Amino acid sequence: MFLLPCSALALLLLTCLALEPAPRRPPPSNPAFRGFQRRFLLGYLPALAADWLQGPLLFQLLHSRGFLRSQIAALYSCGFASNVAFGLVSGVFVDRLGRKKSCVLSSGLCSVSCLLQLSHDFLALAAARVLAGFGTSLLFSAFESWYLHEHLERHDFPAEWIPDTFSRVALWNSGLAVAAGLLAWLLAEVLPLGPAAPFLAALPFLALSGIFAAKNWDENYGKSRPCGKACGEGLRGLVSEPRALLLGLVQALVESILLIFAFLWTPVLEPHGIPLGIAFSAFTAASAAGSALFRRGATGRLRLQPLRLLPGSVLLLALALVLLALPLDAAGDFLAVLLLQLSCGIYFPAMAFLRRRLERGGDAAGGARWLRLPLGLAVALALPALPGDPAGTRAVLGAAALAALVALGAAGGVLGTSRGDEGLRVGDEGLLEGDTGE
């Protein structure tokens with residue numbers, strides 16, 4: 001079982017290199033911009049590396065503490081619920097507190113969470129998951145908000161230079177994800193701490209990120225908006241635009257499915273003896289291949305539009321879940337998970353492109369959070385009650401496949417009601433900033 005994930009990882013990395021399209025324009029050579037970009041990357045990339053290190057062996061760590069599967073599910077639910085609930089107000093929180101402070105706070109919360117993973121106490125581990133949920137929500141909102149404000153407002157660099165930074169982030173993030181899986185596996189095998197070792201290894205990266213940002217970044221703030229008003233604007237935007245409502249439904253369903261998968265992938269693969277860290281690296285490589293496939297399809301000669309790529313990605317997700325619901329062998333389960341990750345690599349940039357184009361002039365994620373909140377909390381509450389036997393796990397994945405088919409129908413509704421809308425097409429300028437990120 002060692003050869004299968006290693007071979008898949010090598011093949012997927014080669015696929016990423018082959019699919020990645022050439023840059024459409026030469027990178028900016030302005031020395032001031034390059035220095036500013038370097039400061040951002042030195043603060044952001046270590047935080048991303050730390051986040052990836054905490055992913056591969058979490059289930060294994062909690063299982064090694066002697067907890068039952070229902071208890072492990074409850075701990076996962078704590079993290080899911082805190083992330084989903086805080087995500088509804090994270091934008092307003094970051095704007096009020098200050099984006100630099102929020103970045104430093106993210107590193108601090110995640111550091112405390114990693115230290116608490118050493119505990120054998122259930123309540124301490126529950127607190128660790130709650131803090132991780134808060135910290136991760138800040139990680140994926142504060143850093144990019146800080147960069148955009150500094151780039152456009154303080155330094156007055158051209159907006160056309162923003163994609164250069166985020167393409168570098170995407171490239172580095174994919175590499176860090178692959179490396180994190182391999183490093184987590186190696187540390188767990190070599191060090192006596194076992195699956196707790198990657199969480200301690202994340203601490204230096206979090207310290208580097210927080211200290212570097214605190215010392216080298218300037219503070220900036222967003223518009224001061226009452227939390228109720230900001231949430232109300234998102235809800236009104238969702239209700240007033242039927243296509244945004246359908247798109248929000250797709251996002252809420254798919255992300256709820258992925259919450260369930262984040263908990264179940266270890267119980268599906270571990271009985272086959274597949275090394276989890278190496279498998280995690282292969283998953284992230286499959287997702288990177290999907291993202292490269294999206295960029296190649298959307299900007300290459302085929303000009304495959306995100307309106308069509310979104311339903312295609314959801315269809316692949318449903319197919320992968322159907323395969324996982326069947327009693328397959330190790331190779332079948334592993335390849336089904338790779339297909340699921342490939343679909344995610346296409347789904348996320350397609351969703352980001354359409355969401356930003358449909359929700360112009362407002363919070364691009366605000367409306368979707370209203371649908372994501374109840375579904376995400378429902379998943380978090382239901383997770384401890386999921387059956388723990390292999391047949392029950394397959395049944396849950398089958399139910400997730402049905403939910404994916406509902407999402408496919410909603411994605412088809414977006415496609416059917418958006419024909420002829422040039423604002424939802426990739427133009428000659430290609431993919432701009434914000435079109436390919438969450």
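How do α13 and α16 run relative to each other, roughly parallel or roughly antiparallel? Keep that in mind; the tour will reach this pair.

**Before you start**

This is a predicted model, where local features need pLDDT of at least 70, side-chain atom pairs count only at pLDDT 80 or more, and totals for chains, interfaces and linings use all residues. Residues are numbered from 1 along each chain as its sequence is written, and side-chain values use heavy atoms, with hydrogens and water left out.

**Stop 1: the whole chain**

Show the protein chain as a cartoon. There are 16 helices and zero strands. Helices (H or I, at least four residues) and strands (E, at least two) are DSSP runs, numbered from the N terminus. The chain has 438 residues, and 53% of them are buried. Buried means under 20% relative accessible area, exposed means over 50%, and partly exposed lies in between (1.4 Å probe, protein chains only). Now think about contacts, meaning heavy atoms within 4.5 Å. Of the contacts with a separation of 6 or more, 85% join residues 24 or more positions apart.

**Stop 2: helix α13 and helix α16**

Select residues 306–325 for α13 and residues 390–416 for α16. Their axes are 8 Å apart and the packing angle is about 165°. Axes are lines fitted to C-alpha atoms, for helices over the stretch in contact, and angles run from 0 to 180 degrees between N-to-C directions. Here is the answer to the opening question: α13 and α16 are roughly antiparallel. The cut-offs are under 35 degrees for roughly parallel, over 145 for roughly antiparallel, 65 to 115 for roughly perpendicular, and oblique for the rest.

The crossing of α13 past α16 is left-handed. That label applies if the near helix is turned anticlockwise from the far one by less than a right angle; clockwise gives right-handed. Show side chains next. Among the α13 residues that meet α16 are Leu307, Val314 and Leu321. On the α16 side, the residues include Leu397, Ala404 and Leu415.

**Stop 3: helix α6 and helix α7**

Select residues 99–116, which form α6, and residues 122–154, which form α7. These two pack at about 155°, with axes 7 Å apart. They are therefore roughly antiparallel too. Again, α6 passes α7 in a left-handed crossing.

**Stop 4: the nonpolar cores**

A nonpolar core is a set of buried Ala, Val, Leu, Ile, Met, Phe, Trp, Tyr and Cys residues joined through side-chain atoms within 4.5 Å. The largest one here has 100 residues. Select Tyr76, Leu269, Leu321, Phe334 and Leu340, which have the most contacts inside this core. Zoom in on Phe334. Leaving out residues up to four places away in sequence, Phe334 touches Leu4, Pro5, Ala8, Leu269, Ile274, Ala279, Ala282 and Phe283. A second, separate core has 27 residues, including Leu48, Ala49, Tyr147 and Phe212. In soluble globular proteins, nonpolar side chains tend to be buried together.

**Stop 5: salt bridges**

How many salt bridges does a search of the whole structure find? There are seven. Each is a side-chain nitrogen of Lys or Arg within 4 Å of a carboxyl oxygen of Asp or Glu.

Select Arg154 and Glu150. Their side chains form a salt bridge at 2.7 Å, N to O. Both sit in α7, four residues apart, so about one helical turn separates them. Arg154 is partly exposed at 40% relative accessibility. Glu150 is buried at 1%.

Asp218 is partly exposed at 41%.

Move to Arg168 and Asp164. Their closest N and O atoms are 3.1 Å apart. They lie four residues apart in α8 (residues 162–190), about one helical turn. Arg168 is partly exposed at 30%, whereas Asp164 is buried at 14%.

**Stop 6: two last selections**

Select residues 90–97, helix α5; Ser90, Val92, Val94 and Asp95 are its buried residues. Gly98 follows α5 and has a positive phi, near 115°.

Finish with Ala10 in helix α1 (residues 3–19). Ala10 is partly exposed at 42%. Ala10 and Ala285 are 275 residues apart in sequence, yet 8.9 Å apart in space, C-alpha to C-alpha.
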